Amino acid sequence: MTDHDPPRSREQRKQDVLVRLRQDEDAWVATASPDGVPTLVPLSFLWEDGTGTLVMATRRTNPTAVNVTPHGLIRVTVGHTRDVVLIEGGARIVEAADLPTATRDAFATKLRGWSPHGPRWVFLRITPHTVRAWREENELADRDLMHSGTWLV
């Protein structure tokens, strides 16, 4: 039997989630086409504390952007399987010209100068509806940290 660290409190998990969202650069992003074809891709992201949203960029014609358009549903995972953050939410397409300058600048700064521009690129603004976080089986019971867009802790 493997010994694991004791489970973190939900409050500690929320703080750990926020640190990870502020510091990590990449996430796995899952969407599905209207006929149910799944797409899973890695995308870089910015977490905006002020809006409580994730900002990502992708090409306008990539399946992720195309899949978001009809219904906006999206799943994002940050971390690895032994320390995962699972976010389910709504995504909307934002044209680069409509993204606030401060957000574009923060995105480029976090990603060491990478700033997509031109008509091929769009941004996704993702609003979390649920957030779950756990490390091991002993944290599964209290993994829900956000429900219906409201932090539970």
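The questions and answers below go through a predicted model, from its strands and cores to its rings and loops.

Visitor: How many bridges join β4 to β5?
Guide: The two strands, β4 (73-80) and β5 (83-94), form a hairpin with two residues between them. Within this pairing, His-80 has Asp-83 of β5 as its bridge partner. The strands run antiparallel, and the number of bridges that join them is eight.

Visitor: Which residue in β6 is the bridge partner of Val-94?
Guide: β5 also pairs with β6, in the antiparallel sense and over eleven bridges. Val-94 belongs to β5 (83-94). Its bridge partner in β6 is Phe-123.

Visitor: How many of the twelve residues of β5 are buried?
Guide: A residue counts as buried when its relative accessible area is under 20%. By that cut-off β5 is mostly covered, and the number of its buried residues is ten.

Visitor: Which residues does Leu-21 touch, not counting residues up to four places away in sequence?
Guide: Leu-21 is one of the residues that touch the most other members of the largest core. Leaving out residues up to four places away in sequence, its contacts are Phe-45, Trp-47, Leu-54, Val-78, Ile-87 and Lys-110.

Visitor: Why is the pair of Phe-107 and Trp-114 called tilted?
Guide: A pair of aromatic rings is described by the distance of the centres and the angle of the planes. A search of the whole structure finds three aromatic pairs. In the pair of Phe-107 and Trp-114 the centres are 5.8 Å apart, and the pair is tilted because the planes are at 45°.

Visitor: Which charged residue sits over the ring of Phe-45?
Guide: Phe-45 is among the contacts of Leu-21, and so is Lys-110. At 4.2 Å from the centre of the Phe-45 ring lies the charged end of Lys-110.

Visitor: Which residue lies over the face of Trp-134?
Guide: Trp-134 falls within β6 (121-134). The residue over its face, at 5.9 Å from the ring centre, is Arg-143.

Visitor: Is Thr-64 buried or exposed?
Guide: Thr-64 is found in helix α2. It touches Val-29, Thr-31, Thr-39, Val-41, Leu-43 and Leu-124, not counting residues up to four places away in sequence. At 1% relative accessibility, Thr-64 counts as buried.

Visitor: How far apart in space are Pro-63 and Arg-82, C-alpha to C-alpha?
Guide: Pro-63 lies in helix α2 (residues 63-71) and is partly exposed, with a relative accessible area of 44%. Beyond four places in sequence, Pro-63 touches Thr-31 and Thr-39. Pro-63 and Arg-82 are 19 residues apart in sequence, and their C-alpha distance is 28 Å.

Visitor: What is the phi of Arg-112?
Guide: Most residues other than glycine have a negative phi. Arg-112 lies in the loop between α3 (101-110) and β6 (121-134), and it is exposed, with a relative accessible area of 65%. Although Arg-112 is not a glycine, its phi is positive, at about 50°.

Visitor: Where is Ser-148 found?
Guide: Ser-148 has a positive phi near 55° and is a residue other than glycine. At 58% relative accessibility it counts as exposed. Ser-148 is found in the loop between β7 (144-147) and β8 (150-151).

Conventions:
Residues are numbered from 1 along each chain as its sequence is written. This is a predicted model: local features need pLDDT of at least 70, side-chain atom pairs count only at pLDDT 80 or more; totals for chains, interfaces and linings use all residues. Side-chain values use heavy atoms; hydrogens and water are left out. Helices (H or I, at least four residues) and strands (E, at least two) are DSSP runs, numbered from the N terminus. Buried means under 20% relative accessible area, exposed over 50%, partly exposed in between (1.4 Å probe, protein chains only). Contact means heavy atoms within 4.5 Å. A nonpolar core is a set of buried Ala, Val, Leu, Ile, Met, Phe, Trp, Tyr and Cys residues joined through side-chain atoms within 4.5 Å. Rings of Phe, Tyr and Trp (its six-membered ring) pair if their centres lie within 6.5 Å; planes under 30 degrees apart count as stacked, over 60 as edge-to-face and the rest as tilted. A charge sits over a ring if NZ of Lys or CZ of Arg is within 6 Å of the ring centre and within 35 degrees of the ring normal. Two strands pair if DSSP finds at least two bridges between them.
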